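Keep the sequence and the coordinates open while reading.

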Amino acid sequence: MVDNWIQYTALDEILETAMFPKNAWYVACTPAEIDEKPLGRTVCGERIVFFRGPEGQAVGLEDWCPHRGAPLSLGRVVEGKLVCGYHGLEMGCEGKTLAMPGQRVRGFPPVASYPVIERFGYVWVWPGDASRADPARLPDLAWAEDPAWTFGGGMFHVKCDYRLMIDNLMDLTHEKYVHATSIGQQELDEVPAQTTTEGDFVVTRREIPGVKAPPFWQAAMRGNGLDPEQTVDRWQRCRFVPPSSVLIDVGVALAGQGGFDAPAQVKTSGIVVDLITPETETSIWYFWGLARNFRPEDKALTASIREAQGKVFQEDLEMLESQQRNLSAQPERKLLSLNTDLGGVQARRIIDRLLEQEKAA
């Protein structure tokens, strides 16, 4: 038995401080979402329209036409200019009105523009103080630019506080219960996780030696040419990267071959990618997937892993949205934080510190 570390948390305090750091990079969309027409998306409470400018670059502007307040995202893109779908006002990439049929536009007020970067297979936006936007603060997704790796994933819109998703991903004990038929197994309850904090990063590790791989990993082993009936050593290393990303090193190796450090020919592993973008205080855009460096050329394997992983995440969504409904309906109730919640608790402390720094600035 493991002694429980317990902290009582007042839910009204959680809801009162339900905020998100804005001086940070968040995934806005995938490149394909803006290749043909503008996209309206709310990020950290900011209503933003994304489109491609005259050089093909990704652009983010306030989703507001200065004429009558219509969403610019309902318009179209013509030669890199955003044309309002209501009265034809033409907007430039810097947020200034360029033209409007039958009107002089010199005195039209500009709309806000947001720093945007396209990298690692995503379009990223900085919804806070534009002068503080620093490309060096993008999460390091080096595998996305390495031809030895491949990636398959998707996006879900989830009606929950972004921190509930971080809690979920930093404590994988729930796999035994929520994901019993895919990635869960009995040993998750029997092997305690170890959590460490290094600056603004939190890592929760769990090593599970000498077990049978659960169904998801049996299928992955089979796809990688390994016998799925063999006994394996399994690992999970959850890394919280502020403000709201969780990258999880996961995998199995034939037992006794070194686990995480085993040679490539006896293991099947990858990185579960969880990029969480707050929409409102109770909803998120959740970009997910698995990066792997075995058989990267096998598109059928990528598709099958994506499908299986999507089903796993769908199981989480039902739980998280139901949890949010309960929390919103009874904000006076208190929550317990146990030893298994330590990764999420530490991540929340880092988020709180970032928020305090923004307030001070």
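A cavity here is a set of grid points where a 1.4 Å probe fits but cannot get out. The model is predicted.

## Cavities

How many cavities of 30 Å³ or more does the structure hold? There are 4. The largest cavity has a volume of about 230 Å³.

Its lining counts 19 residues. Glu175, Ile183, Val272, Val312 and Phe313 lie nearest the centre of the largest cavity. By class, the lining of the largest cavity splits into 11 nonpolar, 5 polar and 3 charged residues. Five elements each supply at least two lining residues: helix 2, helix 5 (215–223), strand 16 (231–241), strand 17 (245–254) and helix 6 (299–329). Helix 6 contributes the most to this lining, with 4 residues.

## The second largest pocket

The second largest pocket has a volume of about 470 Å³. Its lining is made of 21 residues. Arg137, Asp200, Pro242, Pro243 and Leu354 lie nearest the centre of this pocket. Strand 16 and helix 7 are the elements that give two or more residues to the lining.

Which element gives the most to the lining of the second largest pocket? Helix 7 does, with 3 residues. The lining of the second largest pocket holds 13 nonpolar, 2 polar and 6 charged residues.

## Helix 2 against helix 7

Helix 2 spans residues 162–170, and helix 7 spans residues 342–360. Their axes come within 8 Å and cross at roughly 140 degrees. Angles over 145 degrees would count as roughly antiparallel, and 65 to 115 degrees as roughly perpendicular. Helix 2 and helix 7 are therefore oblique to each other. The crossing of helix 2 with helix 7 is right-handed.

On the helix 2 side, the contact uses Tyr162, Arg163, Leu164, Ile166, Asp167 and Met170. On the helix 7 side, Gly343, Gly344, Ala347, Arg348 and Ile351 take part. The contact of helix 2 with helix 7 comprises 6 nonpolar, 2 polar and 3 charged residues.

## Helix 2 against helix 6

The axes of helix 2 and helix 6 come within 10 Å and cross at roughly 130 degrees. That angle makes helix 2 oblique to helix 6. Is this crossing left-handed or right-handed? The crossing of helix 2 and helix 6 is right-handed.

Leu164, Met165 and Asn168 of helix 2 make the contact. Their partners in helix 6 are Asp316, Leu317, Leu320, Gln323, Gln324 and Leu327. By class, the contact of helix 2 with helix 6 has 5 nonpolar, 3 polar and 1 charged residues. Leu164 of helix 2 takes part in the contact with helix 7 and in the contact with helix 6.

## Backbone points to check

Which residues does a cis peptide bond join? Pro242 and Pro243 are joined by one, with omega at about 10 degrees. Pro243 sits in the loop between strand 16 and strand 17. Pro242 and Pro243 are also among the residues nearest the centre of the second largest pocket. Strand 16 and strand 17 each supply at least two residues of the lining of the largest cavity.

Cys44 has a phi near 50 degrees. That is a positive value in a residue other than glycine. Cys44 is found in the loop between strand 3 (39–43) and strand 4 (46–52).

Notes: Residues are numbered from 1 along each chain as its sequence is written. This is a predicted model: local features need pLDDT of at least 70, side-chain atom pairs count only at pLDDT 80 or more; totals for chains, interfaces and linings use all residues. Side-chain values use heavy atoms; hydrogens and water are left out. Axes are lines fitted to C-alpha atoms, for helices over the stretch in contact, and angles run from 0 to 180 degrees between N-to-C directions. Angles under 35 degrees count as roughly parallel, over 145 as roughly antiparallel, 65 to 115 as roughly perpendicular and the rest as oblique. A crossing is left-handed if the near helix is turned anticlockwise from the far one by less than a right angle, and right-handed if clockwise. Contact means heavy atoms within 4.5 Å. Ala, Val, Leu, Ile, Met, Phe, Trp, Tyr, Cys and Pro count as nonpolar, Asp, Glu, Lys and Arg as charged, and the others, Gly among them, as polar. On a 1 Å grid over the protein atoms alone, a cavity is a set of points where a 1.4 Å probe fits but cannot get out, and a pocket is an open set with protein on both sides within 12 Å along at least five of seven lines; lining residues have an atom within 4 Å of a point. Grid points are joined across faces, edges and corners, and a volume is the space filled by probe spheres set on the points.
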